[in-house]
Amino acid sequence: MTVEPVAVIDTNVLISAALSLHSPPARVVRHVLAHGRLLFSGATFAELQTRLWRPKFDRYLSIEDRKQLLHDFGAAGVRVDVPPDVQARRFSRDPDDDAFVHAALAGGARLLVSGDQDLLTLGAVESIDILTPAQAWARMAGGQQ
């Protein structure tokens with residue numbers, strides 16, 4: 001029996017997926033969107049919006065592409081509200097990264113996918129596994145890549 005992934009995917013992985021359609025980040029994002037639920041909190045979606053508009057992406061993604069990505073992720077993702085008691089908890093060396101753990105806890109995610117070492121060094125928080133895109137894809141594909 002296959003378990004549908006309920007996942008929080010870090011901003012860096014979502015942007016990497018948009019930039020390289022055949023990469024492990026892209027495979028993970030497509031799999032979660034097709035077979036599970038992608039969770040966002042207000043803070044994690046706001047970070048995606050902010051980062052996606054950075055000038056360094058101008059040569060890779062047009063304004064229209066970025067608008068479409070935000071629309072698509074906003075429409076496909078599930079928004080979770082993070083209770084104040086969860087929001088107050090600290091996990092990462094970088095407090096900004098805690099927003100992803102908070103979203104995962106609030107939404108009952110079993111998986112947080114990130115390329116950020118500040119999150120990856122945690123390994124897991126409660127029942128949430130924190131994996132790189134390659135690790136997550138290996139798990140989702142049953143070891144096939």
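Buried means a relative accessible area under 20%. The model discussed here is predicted.

Q: Why is Asp118 called buried?
A: The relative accessible area of Asp118 is 19%, and the cut-off for buried is under 20%. Asp118 is therefore buried.

Q: What is the partner of Asp118 in a salt bridge, and what makes the pair a salt bridge?
A: The partner is Arg93, with the closest N and O atoms 2.7 Å apart. The limit is 4 Å between a side-chain nitrogen of Lys or Arg and a carboxyl oxygen of Asp or Glu, so Arg93 and Asp118 form a salt bridge.

Q: Why can the pair of Arg93 and Asp118 be said to tie together parts of the chain?
A: Arg93 lies in the loop between helix 5 (84-87) and helix 6 (98-107), whereas Asp118 lies in helix 7 (residues 117-120), so the parts joined are 25 residues apart in sequence.

Q: Is Arg93 buried or exposed?
A: Arg93 has a relative accessible area of 60%. Exposed means over 50%, so Arg93 is exposed.

Q: How do you know that Asp58 and Arg66 form a salt bridge?
A: Their side chains meet at 2.7 Å, N to O, and the limit is 4 Å. The pair therefore counts as a salt bridge.

Q: What are the accessibility classes of Asp58 and Arg66?
A: Asp58 has 47% relative accessibility and counts as partly exposed, because that class lies between the 20% and 50% cut-offs. Arg66 has 2% and so counts as buried.

Q: How many salt bridges does a search of the whole structure find?
A: The search finds six.

Q: Which residues meet where helix 1 contacts helix 3?
A: Thr11, Leu14 and Ile15 in helix 1 meet Thr44, Glu47, Leu48, Arg51 and Leu52 in helix 3. By class, this contact has four nonpolar, two polar and two charged residues.

Q: What makes helix 3 and helix 4 roughly antiparallel?
A: Helix 3 and helix 4 (residues 63-76) pack at an angle of about 170 degrees, with axes 11 Å apart. Angles over 145 degrees count as roughly antiparallel, and the two helices are therefore described that way. Phe45, Leu48, Gln49 and Leu52 of helix 3 contact Arg66, Leu69, Leu70, Phe73 and Gly74 of helix 4. The residues of this contact divide into six nonpolar, two polar and one charged.

Q: Why is helix 6 called largely enclosed?
A: Nine of the 10 residues of helix 6 are buried, so the rest of the structure largely encloses this helix. Among the buried residues are Asp98, Phe100, His102 and Leu105.

Q: Which residue follows helix 6?
A: Gly108 follows helix 6, and its phi is positive, near 70 degrees.

Notes:
Residues are numbered from 1 along each chain as its sequence is written. This is a predicted model: local features need pLDDT of at least 70, side-chain atom pairs count only at pLDDT 80 or more; totals for chains, interfaces and linings use all residues. Side-chain values use heavy atoms; hydrogens and water are left out. Contact means heavy atoms within 4.5 Å. Helices (H or I, at least four residues) and strands (E, at least two) are DSSP runs, numbered from the N terminus. Ala, Val, Leu, Ile, Met, Phe, Trp, Tyr, Cys and Pro count as nonpolar, Asp, Glu, Lys and Arg as charged, and the others, Gly among them, as polar. Axes are lines fitted to C-alpha atoms, for helices over the stretch in contact, and angles run from 0 to 180 degrees between N-to-C directions. Angles under 35 degrees count as roughly parallel, over 145 as roughly antiparallel, 65 to 115 as roughly perpendicular and the rest as oblique. Buried means under 20% relative accessible area, exposed over 50%, partly exposed in between (1.4 Å probe, protein chains only).
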